[in-house]
Amino acid sequence: MFGLENITNNNGWAIAAAGASIVFSGLVVLSFVISQIHRLLQIWEDRQRVISRFKQQPAAVEPQETVEMKYGEQRLPSVEKLVEAYKPLIEELEEPFKLSQVFEIANKNDMPHPHLSIQRLQEAGILAAQGDGTFTWNEY
Amino acid sequence: MFDLLFQFLVNTGYYLADYRNYIMLVVGCIFLYLGTAKKYEPLLLVPIGFGILVGNIPFFKGFGIGIYEPNSVLHYLYFGVTTGVYPSIVFMGLGAMTDFSSLLAQPKLMLLGAAAQMGIYFTLLGALFFGFAPKEAASIAIIGGADGPTSIFLTAKLAPHLIGPIAIAAYSYMALIPVIQPPIMRLLTTKKERLIKMPPARAVSKKELMIFPVAGVLLCCFLAPTALPLLGMLFLGNFLKECGVVNRLANTAQSAIIDTATIFLGFTVGCSTQADVFLTPKSLGIFFLGAVAFSIATASGLIFAKIMNLFLKEKINPLLGAAGVSAVPGSAREVHLMGLKEDPNNFLLMHGMACNSSGVIGSAICAGILWSFFI
């Protein structure tokens, strides 16, 4: 048997619709859960403060727009500090170098948040793209 | 003595070979060429290519030599494929190698992994349309997940007689990602969309990384318990990596164990392409539908990313939708390269890996769902 008849006789439409809906809803639920994990952890870690806040009900504090907020919950050092920390590492590499090499050496030296730091150095123009996937150190 | 020599000669491969063997030997050599010279998925294509050569050397049947003959050595090695043991082990290794931090940092990208699974269900309908039996159609459809071990696992459960062509089709299309995906990506996105830069992902804490495999296995396997052999092992491997107290086990899972399973999986799948079993009109149909499945999966991810952009304040680069198929890390790399072509400062690799890892989870869930529909 061929064609639409074969699909209908074998319940193909229902299987496809049900299968697609199940996998989609499953991954939506999973993505929702994982998007909340860090919030739940934050609450758990700050549980004492949260409990006391409920007890005291302090006035709400307006959040300030800071450089750190742009980078999510990171408290990254300033670009100058990053330059200071990364310069000796970069000197060990031969120019031009790949970002993966910078990442590797940063990891080796236990630098905090290497992805974000490299990204920030790149945005600040310190890591200058050569257009072929390689970079050079371009300190002003 | 002349009789003895004659008898020996008629038992050699040279005498027993027919044109189908030669076709498959050429296919095996092409696989080896693509794997070694072009470096397309060499870890897969080299063992498979060599397996095709070994599986297609003609032999006198009844001596317990061939992969389909009971009690042959190859048959015992093939046991790991037909029972789904190798795919599960590969998944454990994959879990131990995968860093889910990019996914945890941007959970919305998981939806692209879900969208790319639509290729599976469109292909299911296509395979039924072309007259395949339902279990065969489900096995062919899973090629759209672009996940070799998952395809082999489901086919072993539903249509074991199709393992050879389905595995070869799945791995071929995975290896041909640099050929198949870029034209679809260019066709379905504008230059402006390809230039969209993704914001840097937030850093993910160690605790989150540890909780994820536990939450993942509970949520996914409660939903589709038939995906347990794949997802259970995937998340086990990932937990070994992230918990930090069993580094020896994690290191072994991500090196020796996955490598051993990959060698035997690739080699025996290659051997299973014995010409008389493999070269059938059905195989051609499977290859055609596999290409359709893979293309639809890529297109679904891209289109869904564009739909998401209609509602999102912070737009996502729609190229990432193409990484929703679970070919890790091939499709993420392709997305990254295309992003770089448009703008040398647009780095999409980590974001692509987020979609890729959700694609792995999604295709394993799909395999579980399809299996449960046909139990």
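Helices, taken here as DSSP runs of H or I with at least four residues, and strands, as E runs of at least two, are numbered from the N terminus. In this predicted model, chain B has 21 helices and zero strands. The radius of gyration of chain B is 21 Å, close to the 21 Å given by the globule rule for 375 residues, so chain B is as compact as a globular protein of that length. The C-alpha trace of chain B spans about 85 × 45 × 40 Å along its principal axes. Of the 375 residues in this chain, 57% count as buried. Among contacts in chain B with a separation of 6 or more, 75% are made by residues 24 or more positions apart.

Chain A is divided into two domains, domain 1 (3–56) and domain 2 (67–137). The centres of these domains of chain A, taken over C-alpha atoms, are separated by 35 Å.

The contact between the chains draws 37 residues from chain A and 40 residues from chain B. On the side of chain B that touches chain A, at least two residues each are supplied by helix H8 (110–115), helix H9 (118–129), helix H15 (206–223) and helix H21 (349–374) of chain B. The most is given by H15(B), with nine residues. By class, this side of chain B comprises 28 nonpolar, eight polar and four charged residues.

Helix H15(B) has 18 residues and reaches 26 Å from its first C-alpha to its last, close to the 26 Å expected at 1.5 Å a residue. Its buried residues are Glu208(B), Leu209(B), Ile211(B), Phe212(B), Pro213(B), Gly216(B), Val217(B), Cys220(B) and Cys221(B). The cover over the buried residues of H15(B) comes from both chains, and includes helix H2 (12–45) of chain A as well as helix H7 (101–105), helix H16 (228–243) and H21 of chain B.

The largest nonpolar core has 139 residues, and those with the most contacts inside it are Leu124(B), Ala141(B), Ile143(B), Leu231(B), Leu320(B) and Ala367(B). H21(B) contributes the largest share of this core, 13 residues. When neighbours within four places in sequence are left aside, Ile143(B) is in contact with Ser151(B), Ile166(B), Ala169(B), Ala170(B), Tyr173(B), Gly290(B), Ala293(B) and Phe294(B). A second, separate core of twelve residues includes Leu82(A), Val102(A), Ile118(A) and Leu121(A).

Note on methods
Residues numbered from 1 in each chain as written. Chains lettered and ligands numbered in written order. Predicted model: local features only at pLDDT ≥ 70, side-chain atom pairs only at ≥ 80, totals over all residues. Contact = placed C-beta atoms within 7 Å. Nonpolar A, V, L, I, M, F, W, Y, C, P; charged D, E, K, R; others polar. Domains from an automatic or database assignment. Expected span 1.5 Å × (residues − 1). Buried ≥ 20, exposed ≤ 12 C-beta atoms within 10 Å, placed from the backbone. Core = buried A, V, L, I, M, F, W, Y, C linked by C-beta atoms within 7 Å. Rg over C-alpha atoms; globule rule 2.2 N^0.38 Å.
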